[in-house]
Amino acid sequence: MLSRILQELRLHRVLELGVAAALFGYVHIIYGDVLTVVIMSIVGLVWYRAYQRSSNLIGVTISHVVLGVMTIALGIID
């Protein structure tokens, strides 16, 4: 849905990518750690770009689940 909204705004593709990544990072503010927000913004760049190329959420979703499970299992996040 976010992708559709950003596309309708007709932002430059790089700006669209940056806004999506920043919003994805910001959602992770719940962890109370600025470093987590920054890292998740970078991850958001990669995932949004992958979504732009494929228009498919399956790979991004699986990757998100794997990364989440790994960070929790390793004790990086609670």
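This is a predicted model: local features need pLDDT of at least 70, side-chain atom pairs count only at pLDDT 80 or more; totals for chains, interfaces and linings use all residues.
Student: How many nonpolar residues does the lining of the second largest pocket have?

Tutor: The second largest pocket has a volume of about 390 Å³, and of the 15 residues that line this pocket, Thr-36, Met-40, Thr-71, Ile-76 and Ile-77 are the closest to its centre. Sorted by class, the lining has two charged residues, five polar ones and, for the class you ask about, a nonpolar count of eight.

Student: Which element gives the largest share of the lining of the second largest pocket?

Tutor: The elements that contribute two or more residues to the lining of the second largest pocket are helix H3, residues 34-54, and helix H4, residues 57-73. The largest share of the lining amounts to five residues, and the element that supplies this share is H4.

Student: What pattern does the chain follow when read along the sequence?

Tutor: The secondary structure of the chain comes to four helices and zero strands, while the C-alpha trace spans about 40 × 25 × 15 Å along its principal axes. The pattern is α-α-α-α.

Student: Are H3 and H4 roughly parallel or roughly antiparallel to each other?

Tutor: The axes of H3 and H4 lie 9 Å apart, and the two helices pack at an angle of about 155 degrees, with H3 passing H4 in a right-handed crossing. Angles over 145 degrees count as roughly antiparallel. H3 and H4 are therefore roughly antiparallel.

Student: Which residues in H4 meet H3?

Tutor: The residues of the contact of H3 with H4 divide into eight nonpolar, two polar and no charged. On the H3 side the contact involves Met-40, Val-43, Trp-47, Ala-50 and Tyr-51, and these meet, in H4, Leu-57, Val-60, Ser-63, His-64 and Leu-67.

Student: At what angle do the axes of helix H2 and H3 cross?

Tutor: Helix H2 covers residues 13-27, and its axis comes within 7 Å of that of H3, in a crossing that is right-handed. The contact includes Leu-17, Ala-21 and Phe-24 of H2 and Met-40, Gly-44 and Trp-47 of H3, and its residues divide into eleven nonpolar, four polar and three charged. The crossing angle makes H2 oblique to H3, and its value is roughly 135 degrees.

Methods
Residues are numbered from 1 along each chain as its sequence is written. Side-chain values use heavy atoms; hydrogens and water are left out. On a 1 Å grid over the protein atoms alone, a cavity is a set of points where a 1.4 Å probe fits but cannot get out, and a pocket is an open set with protein on both sides within 12 Å along at least five of seven lines; lining residues have an atom within 4 Å of a point. Grid points are joined across faces, edges and corners, and a volume is the space filled by probe spheres set on the points. Ala, Val, Leu, Ile, Met, Phe, Trp, Tyr, Cys and Pro count as nonpolar, Asp, Glu, Lys and Arg as charged, and the others, Gly among them, as polar. Axes are lines fitted to C-alpha atoms, for helices over the stretch in contact, and angles run from 0 to 180 degrees between N-to-C directions. Angles under 35 degrees count as roughly parallel, over 145 as roughly antiparallel, 65 to 115 as roughly perpendicular and the rest as oblique. A crossing is left-handed if the near helix is turned anticlockwise from the far one by less than a right angle, and right-handed if clockwise. Contact means heavy atoms within 4.5 Å.
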